[in-house]
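Here is a short walk through a structure that may be new to you. Keep the sequence and the 3D view side by side as you read.

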Amino acid sequence: MSALARELTRICGSEHVVTHPHALRTYESDGLARYRVPPAVAVLPGSTEEVRRVVRACHEAGVGWVARGSGTGLSGGALPISDGVLLVLSRLRRILDVDLPNQRVVVEPGVTNSEVSHAVAPTHFYPPDPSSQIVCSIGGNVAENSGGAHCFKYGFTTNYVTGLEVVCSDGELVTLGGKALDPPGYDLLGAFVGSEGTLGVATEITLRVAPLPERVRALVAFFGSTRAAGEVVSEIVAAGITPAAIEMMDRLSMRAAELVTGAGAPPAARASLIVELDGPAAECEGRLAEVLALCERAGASEVRVARDEAERALIWKGRKAAFAAMGRITPSYYVQDGVIPRTKLGEVLERIDELAAEHGLEVANVFHAGDGNLHPLVCYDDSRPGEPERAEALAGEILDACLAVGGSITGEHGVGVDKRAHMPRMFGAADLEAFHRLRCAFDPAGLANPGKVMPVPRLCGEVPGPYRAHPLERAGVAERF
Amino acid sequence: MSTAAASFAPASAVELALALREGGPVRIAGGATKLAWGRPIEPPSTLSTQALHRLLEHSAGDLTAIVQAGAPLQAVQTALAEAGQLLALDPPLGDAGAATVGGVMASGDSGPLRHRYGTARDLVVGVEVALGDGTLARSGGRVIKNVAGYDLAKLLGGSFGTLGVITEVCVRLHPRPARRLTVCARGDDPQQLAAAALALGHAPLELESLDVCWAAGEGAVLARLAGTAPEEGARKTCAHAQAAGLRCELVEDDEPLWERQRAGQRCAGGTVVRVAARQTDLPSVLRAAQRLGAALVGRAALGLSWLRFERADADHVRALRTELAPATCTVLDAPAQLRAALDPWPELGAAELALTRRVKARFDPRAVCNPGLFVAG
């Protein structure tokens, strides 16, 4: 490793190579601080060419590496490996090209999500909007296929990336796509987005941006139960309305947010619904009237429609403060990221309540209700023996409840290290084996973000043979992964 | 195309996977409407998805459906329309409207709705695929938001059946718009048409479709408004078009206009070249079409155009490629001798080609799926 560190210093300069244990502590975890592993060395390259040479040096030394953007991920996707290199991309933060006539922006991976929208304002915007958008990097968004509150209408990162320059784990630079759509060949670009850093590292990213909508209207409605709020969501969708965002909060998350914002939610409310509509003015106002009627018919105790941009910002402040505000009501919490078919919302919420009661813990619920993405916040106290373990068990059982109704273990946070053990519950052995083939095509040596996504790491064979179940596996005695 | 080739249409995905595992090279077909695309190949037999034709599940409340790959897109749309929903894919459906959901996905084909809703790439949320060695695998799921595992649906989409056979997909649906209205803005100056199309592509009108067409010295920009109140948008659309010097007409019964756009993407017996460019390249694509005597339909804001030649030879295609580079030109419909005379696919860079070959070798190690048809075999 020391020989490799010297090589990295030759490539990037000593001021951009971190080897001292104290300094390395800065990088020991990402946004999921439960997992901590300091890397053997961290390196901060200043150009694509330096990234390429660093990755090439790792390849020659047979050393694994992990790419990191802003470190806001919530699944441990950028968790370092103790005997590997951490490739920190925060120095690559140039906006290379703002091409509004073609609705494209070309950026380096360290540029933040918000900076892209700022670069194309006031006529255009970049729709994917993860809650961490002020700090999270586009490179990280590409790795995780990040979503956000507005993806029900606008889609995810994968719907907005049209070009990538990727350094593969052998140090080869590959260009996938560009400003034009439908590049020839396999959609390797589509396969790369959301691959959680296991297929290589993106050093240049071309994004599509959209014209800013003519009108935006937001409202918050309060209900006596999450079930009543959930029914309104179904009715909105059944009416053929596609809001830009539909967000739901339950009693506990509302209480936490209230402590931070003091927006004055009615004390008796058990659920709140934020609905944002955008589009051409006439369409938007007509739809707003329909949503208001649906809320009232469902017995909303109060509906507040934002009259101006400041009031709209206040409505969103309550929602975006929810995670941070949890600190006011619980010493620790764990954010889950399950997805369910929207129509199963009532059923799954009841199941979550039952599970929470069984474990003697509280769960606050915040959802992207339009697309069925639940963020149950499992509250616990680190200082009480056994409670962190019970919280982890509860969080796992919530994912099982999501899978039982045909859902997913992660809607936007990624598998990382945190959910890899759940992968075999969602995918069969043949599915995982097919995933592995893609990994092997891009990274046969298994050096890019090893240990992430897949439940158990395994090596790539030279020539893949047809899949044959081992007798033990067929008998259900052992699993291949 | 050999007519003696045997055809097999397995009744289940498992049976289809077994056929791949045990058998030799096959031509993979759904509705068999796009067999004249790609490099000419003549494998000894055909493996068809036609017996996998069912709509397995329609969850209207969740706006999702699970469909077998061999289901004709048209039949699926009819069933979904009963609930006021649609699968937002409207490519040309080919002879007898036989195009299947799996075939549309595997070929990456699309139609005017792509302007608002994207392609199969953006609408397929889960896929089941029989890989070349008979492994039957799934990726994604049945919910519209999901980042667990690799997105094999992306990899299989547009792969022309050269990695495996798509057997089932879960798709995201959309509500059918309450009303639709098309502004048809005509003119005979390519520059004016392009200017109007570009302006409309950047206006906050949320058009459902924005197309351009051109043939024999005349053309039009077609903008479709969809929703509960399309009139205001139509008025603004006309203002943009008139500012560019075009003549506007409002069309209520607009379906025939859009059917013509779809038809312009195909040419039985002739040649169609798809150009993928930036949207600001539209004037030069229109000029090239005019100079070479081709008719054009295009998705103006997406930079995609289909050039239709009643008769074309390899020199026409080479001229287009030279003139429009770095935009890519893909030959779709074309006589076999034209597709043999030059590569219908645009060239890949060396690094991407090497990676592409590694992907092919992993997913179809015995090279039995449409061997030779696509970019890298």
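The second largest pocket holds about 810 Å³ of space. A pocket here is an open set of points on a 1 Å grid over the protein atoms alone, with protein on both sides within 12 Å along at least five of seven lines, and its lining residues have an atom within 4 Å of a point. Grid points are joined across faces, edges and corners, and the volume is the space filled by probe spheres set on the points. The lining counts 26 residues, and A:D129, A:Q133, A:H150, A:R312 and A:K320 are the closest to the centre. By class, the lining has eleven nonpolar, eight polar and seven charged residues. Nonpolar covers Ala, Val, Leu, Ile, Met, Phe, Trp, Tyr, Cys and Pro; charged covers Asp, Glu, Lys and Arg; the others, Gly among them, count as polar. Helix α11(A) gives the most to this lining, with six residues. Helices (H or I, at least four residues) and strands (E, at least two) are DSSP runs, numbered from the N terminus.

The model is predicted: local features need pLDDT of at least 70, side-chain atom pairs count only at pLDDT 80 or more, and totals for chains, interfaces and linings use all residues. Residues are numbered from 1 along each chain as its sequence is written, chains are lettered from A and ligands numbered from 1 in the order in which they are written, and side-chain values use heavy atoms, with hydrogens and water left out.

The whole structure has seven cavities of 30 Å³ or more. A cavity is a set of grid points where a 1.4 Å probe fits but cannot get out. The second largest cavity holds about 360 Å³. Its lining has 27 residues, with B:I28, B:A29, B:G30, B:G103 and B:A106 nearest the centre. Helix α3(B) gives the largest share, four residues. The lining divides into 13 nonpolar, twelve polar and two charged residues.

Next, the interface. In chain B, 72 residues are in contact (heavy atoms within 4.5 Å) with 93 residues of chain A. The area buried between the two chains is about 6,600 Å², and carbon and sulfur atoms give 57% of that. Buried area is the accessible area (1.4 Å probe) that two parts lose on being put together, summed over both. B:K145, B:Y150 and B:R362 supply 16% of the area that chain B buries against chain A, more than any other three residues.

Charge also links the chains. Between chain B and chain A there are seven salt bridges. A salt bridge is a side-chain nitrogen of Lys or Arg within 4 Å of a carboxyl oxygen of Asp or Glu. B:K145 meets A:E412 in a salt bridge, at 2.9 Å from N to O. Over all chains, the count is 58 salt bridges. One of them joins A:E60 and A:R56, at 3.2 Å. Both residues lie in helix α3 (residues 48-61) of chain A, four residues apart, about one turn of the helix.

Finally, the backbone. Most residues other than glycine have a negative phi, and most peptide bonds are trans. The bond from A:A121 to A:P122 is cis, with omega near 0°. A:P122 lies in the loop between α4 and β7 of chain A. B:A325 and B:P326 are also joined by a cis peptide bond, with omega about 10°. A:E196 has a positive phi, near 55°.
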